[in-house]
Amino acid sequence: MPSELSINPGIELRNAELELHHFQMRLAIAAGFVLLAFLLLAGRFFYLQVVRHGELYTLAEANRIAIVPVVPNRGVIVDRNGVLLAHDYSAYTLEVQPDRIANLERVIDELATVVEITPRDRRRFRRLLEESKSIGTLPIRTRLSDEEIARFAAVRYRFPGVEINARLFRQYPQGEMFSHVVGHIGRINQREVERLQANGLWANYRGTDYIGKTGLEHQYESTLHGTTGVEEVEVDSGGRPVRTLSRTPPVSGNNLVLNLDARLQEVAYEAFSENRGALVAIDPATGGILAFVSKPGFDPNLFVDGIDSQNWNELNTSPEKPLVNRALSGTYPPGSTFKPYMALAALAYGKRTPQQTINDPGYFMFGGHQFRDSHAGGHGIVDMHKSIVKSSDTYYYMLANDLGIDAIARFMAQFGFGAPTGIDLAGEATGILPSQEWKMRRFNQKWYAGETISIGIGQGYNAYTPLQLAQAVAMLANGGTAYRPQLVSAVEDHRTRDRAPVEPHQLRTLNLKREHLAVVRDALVGVNKEGTAARSFANAPYASAGKTGTAQVIGIKQGEKYVESRVQEELRDHSLFIAYAPAENPRIALAVIVENAGFGARAAAPLARKVIDYYLLGKVPARERRAGNDDASSG
Amino acid sequence: MHPAVRRLERFLTRNIDGTLLGIVLALLAVGVVVLVSASNLNAARVTGQLANMLIALAVLWLFANIPPHYLMRLALPLYVVGLCLLVAVALFGEVAHGARRWLDLGVTRIQPSEFMKIAVPLALAWYFDRHEKTLRLYNYGVAVAMLLIPVALIARQPDLGTAVLITAAGFFVLFLAGLSWRIIAAVGIACAAALPFVWSALRDYQRQRILTLFDPSQDPLGTGYHTIQSMIAVGSGGWFGKGWLNGSQTHLDFIPERTTDFVFAVFAEEFGLLGCLVLLGLFLAAISRSMLITANAPTLFARLLCGAITLTFFTYAFVNMGMVSGILPVVGVPLPFLSYGGTALVSICLGFGILMSINSHKKLVQT
């Protein structure tokens with residue numbers, strides 16, 4: 001075109017033509033740039049939609065579909081009569097996702113204007129936050145009322161990262177009475193996560209917030225927990241489920257049926273009144289645990305959704321030590337309840353005959369040291385029967401000296417003293433069954449003959465759990481068979497209700513001569529009929545066997561006298577009692593210890609009477625403040 | 001046909017370019033189809049946008065019937081008023097979402113920066129046309145100042161997207177007016193040298209947007225989230241897309257701003273590469289037709305204005321699709337005809353109206 005125009009020259013027109021030409025050049029360059037840019041876009045679309053299509057499509061599907069675990073219902077725990085000891089209930093909780101919230105304190109303050117959040121809730125939440133450190137949600141409030149749910153729903157948009165969820169909560173309707181048996185669950189902590197991962201169980205805990213922490217809840221975790229189900233749901237960008245695509249239902253955990261009798265437990269627990277102590281009652285024919293008390297207990301419900309620091313400190317620092325399971329991990333000198341086993345040892349080793357007598361002047365001299373009898377002036381002429389019925393110390397000082405420490409240890413080991421019983425509960429203490437070898441191992445010292453003397457009356461290094469005492473007396477009751485103590489009697493299928501019984505597990509049978517056993521068992525009946533526990537068992541419509549015991553907490557110096565009123569309460573003697581009934585065909589064997597309550601006959605024996613009365617006769621004791629009873633001079 | 005009807009038809013179509021209108025209507029139709037899906041079948045949104053479209057088409061018709069010399073007379077006053085409004089915004093503007101963009105006039109709220117998208121190229125085209133015979137370097141300097149003053153005011157609101165678009169529009173005028181290559185190169189080098197200073201002047205969120213462009217995964221839950229999710233949406237569409245109303249990224253709310261700035265992600269997910277190429281083709285057709293009008297425009301003013309309108313339209317489309325597909329940073333630029341919203345739609349149709357007016361009035365000017 002320009003060449004054509006140049007034929008007809010004219011400065012202005014020529015200028016204009018030149019300018020137009022320039023402009024059109026520039027426009028062509030711009031057009032080229034546009035084309036290039038669009039080609040770049042087309043290339044980018046091709047790259048994303050064809051080259052990377054597979055990968056990005058997968059990501060879109062991963063966005064869309066969430067695999068949501070469906071948490072199984074936890075099995076319930078019931079006593080032998082079906083009384084609920086642990087179960088779940090459904091409740092609404094207000095939950096917070098800490099990692100989605102910048103200023104937690106402010107959000108919680110704002111939430112508090114919508115639903116009630118108590119200082120206790122806040123303390124508990126802080127504790128959870130410190131412990132968990134993990135992703136996921138933490139409850140700030142539990143058990144919301146319908147009105148609170150409605151109020152929150154109206155302002156929900158203001159609280160991203162806060163939601164209301166329906167959750168199952170564990171409840172322990174019997175409260176502190178069973179706290180040491182049933183135990184409690186709590187939120188899974190980091191250590192438990194690692195353990196579950198190491199055992200390959202972590203997948204089954206997806207979505208589960210709780211795990212058994214103590215007691216049966218811990219011991220039977222795998223039975224109670226069940227199998228987690230899976231739901232494939234379509235979710236939106238906020239993670240809210242839109243619809244379900246597929247579902248594998250969870251399998252609920254199985255139920256535990258216990259040997260325990262909840263009402264017996266209650267009778268026993270109440271019988272302790274204000275006292276501390278422990279009681280273990282066993283069915284001597286099976287090893288099934290009928291009652292398992294550690295007093296004081298604590299309210300396990302406090303632990304379920306995380307205990308707040310104030311309650312925790314109270315429980316943890318209380319001088320009464322409510323968190324200690326006395327029956328399982330408390331060890332005590334057995335005191336005179338050791339004597340029947342000593343007598344059996346004497347017969348078995350041929351060191352005494354039942355008729356052989358000694359003179360009890362009220363003390364025993366050994367190596368220039370005077371071992372006093374707790375009964376001032378002694379019991380005079382004493383044979384084996386009388387030694388048990390009246391609880392002569394001098395008889396057993398002499399006997400211990402004649403048997404020697406290793407023979408005692410060998411014999412006592414057969415009754416399970418100083419060894420874990422194998423009960424279905426974790427945390428069992430071993431106790432101490434002293435021997436030369438034990439002392440060398442423990443203190444790297446040799447045994448002194450003088451140390452054997454007080455072993456004979458259940459003092460010295462002797463230290464056993466109430467559970468061991470109960471297992472041993474159950475063996476006296478059943479003629480010498482050791483059963484593994486068993487809390488759970490059956491596992492019940494959650495759906496079919498079929499029960500798979502846990503068979504009694506026989507550990508060993510002692511080779512005791514029948515006539516030897518008869519001597520001791522006669523003497524134990526004598527204790528309850530005319531001996532140290534006679535007043536406690538006065539007018540009982542059944543024959544029973546028992547033995548009182550008093551365990552020293554502090555040593556009394558030579559020449560001094562123990563005067564209870566002068567000793568601080570927590571240093572006073574423990575009151576013990578072992579028993580079984582009916583004497584001929586025993587259905588219950590038990591051991592009781594009442595801490596710092598003095599003679600065995602005074603506190604422990606009456607307590608045992610109430611328990612046996614209830615178990616054999618169904619008699620519920622009147623609730624009196626204290627069973628003041630002082631029918632014996634010796635424990 | 002009744003003569004009255006014929007007269008009406010003539011009145012309505014006299015200054016309308018049929019080809020360009022056809023392309024615009026096709027793009028508007030695509031916009032409605034996508035919006036139905038992107039809004040999750042929200043009838044209120046769709047009818048709202050249909051109303052916006054009618055208004056925009058009315059504006060298009062109106063401007064197509066305004067002869068270019070009226071526009072030329074209006075250029076300077078419009079620019080001055082716009083500048084005053086921008087200053088007023090800086091002094092008395094309302095803050096929304098951390099930016100001071102709105103001016104409350106009592107009866108209505110206006111966003112002067114939107115208005116400047118047309119006023120700036122208009123004023124620059126007028127300025128070059130006025131000095132057509134005596135263009136010197138000095139004139140380019142004045143033009144740059146005319147451009148940079150409003151851009152600076154808008155950038156500090158802050159409104160990066162609009163500032164970028166107006167700068168682009170102004171640059172296109174300068175470029176088409178024949179700014180020498182040497183100066184372009186020199187300014188380019190100077191800009192590169194100034195980058196560190198610009199960087200330090202940027203707001204945190206602006207820096208963040210640029211940083212995450214290079215690595216969206218750096219901040220997958222924050223600023224990178226938009227880009228990652230829209231790239232997933234685009235890529236998961238594949239060759240043919242998931243089908244209308246079937247985009248999971250769209251309907252499960254993973255695409256942010258899915259009816260406005262990110263509407264292209266919805267389109268790409270549901271219509272795939274094929275749909276994307278068709279859409280690119282439509283945009284390219286609109287640009288080609290506009291360039292043809294530009295090339296044949298009678299005066300320098302008309303040429304520069306048409307060129308600026310055309311290339312600004314291109315910039316909208318390119319920046320938006322580039323940002324959604326992850327090759328440009330996330331700046332608030334809508335996709336012409338597809339993004340929900342009246343303002344952008346009206347200003348784009350206004351531009352096409354001016355194009356049509358210039359196209360139809362050229363004979364009048366020439367004779």
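Visitor: How far apart are the end C-alpha atoms of helix α22 (residues 514–530) of chain A?

Guide: This is a predicted model in which local features need pLDDT of at least 70, side-chain atom pairs count only at pLDDT 80 or more, and totals for chains, interfaces and linings use all residues. Residues are numbered from 1 along each chain as its sequence is written, while chains are lettered from A and ligands numbered from 1 in the order in which they are written. Helices (H or I, at least four residues) and strands (E, at least two) are DSSP runs, numbered from the N terminus, and the expected span of a helix is 1.5 Å times one less than its number of residues. For the 17 residues of α22(A) this span is 24 Å, in agreement with the distance between the end C-alpha atoms, 24 Å.

Visitor: Which elements are among those that cover the buried residues of α22(A)?

Guide: A residue is buried if 20 or more other C-beta atoms, placed from the backbone, lie within 10 Å of its own, exposed if 12 or fewer, and partly exposed in between. In α22(A) the buried residues include V519(A), R521(A) and N528(A). Their cover includes, in chain A, α15 (339–348), α16 (384–389), α21 and β21.

Visitor: Which strands of the open sheet of chain A stand at the edges?

Guide: Five strands pair antiparallel (pairing requires at least two DSSP bridges), in the order β12-β11-β23-β22-β21. A strand with a single partner has one side left without a neighbour in the sheet, so the edges are β12 (289–295) and β21 (545–551).

Visitor: In β23(A), what is the bridge partner of S575(A)?

Guide: Strands β22 (residues 574–581) and β23 (residues 588–594) of chain A run antiparallel, joined by seven bridges. Within β23(A), S575(A) has as its bridge partner V594(A).

Visitor: What angle does helix α23 (residues 604–617) of chain A make with β23(A)?

Guide: α23(A) packs on the sheet, touching β11, β12, β21, β22 and β23 of chain A. Axes are lines fitted to C-alpha atoms, for helices over the stretch in contact (C-beta atoms, placed from the backbone, within 7 Å), and angles run from 0 to 180 degrees between N-to-C directions. The angle between α23(A) and β23(A) is about 150 degrees.

Visitor: Which helix of chain B gives the most to the side that touches chain A?

Guide: On chain B, 36 residues are in contact with 32 residues of chain A. Helices α7 (160–176), α10 (224–236), α11 (248–251), α12 (263–295) and α13 (300–324) of chain B each supply at least two residues of that side. With 10 residues, the greatest contribution is from α12(B).

Note on methods
Contact = placed C-beta atoms within 7 Å.
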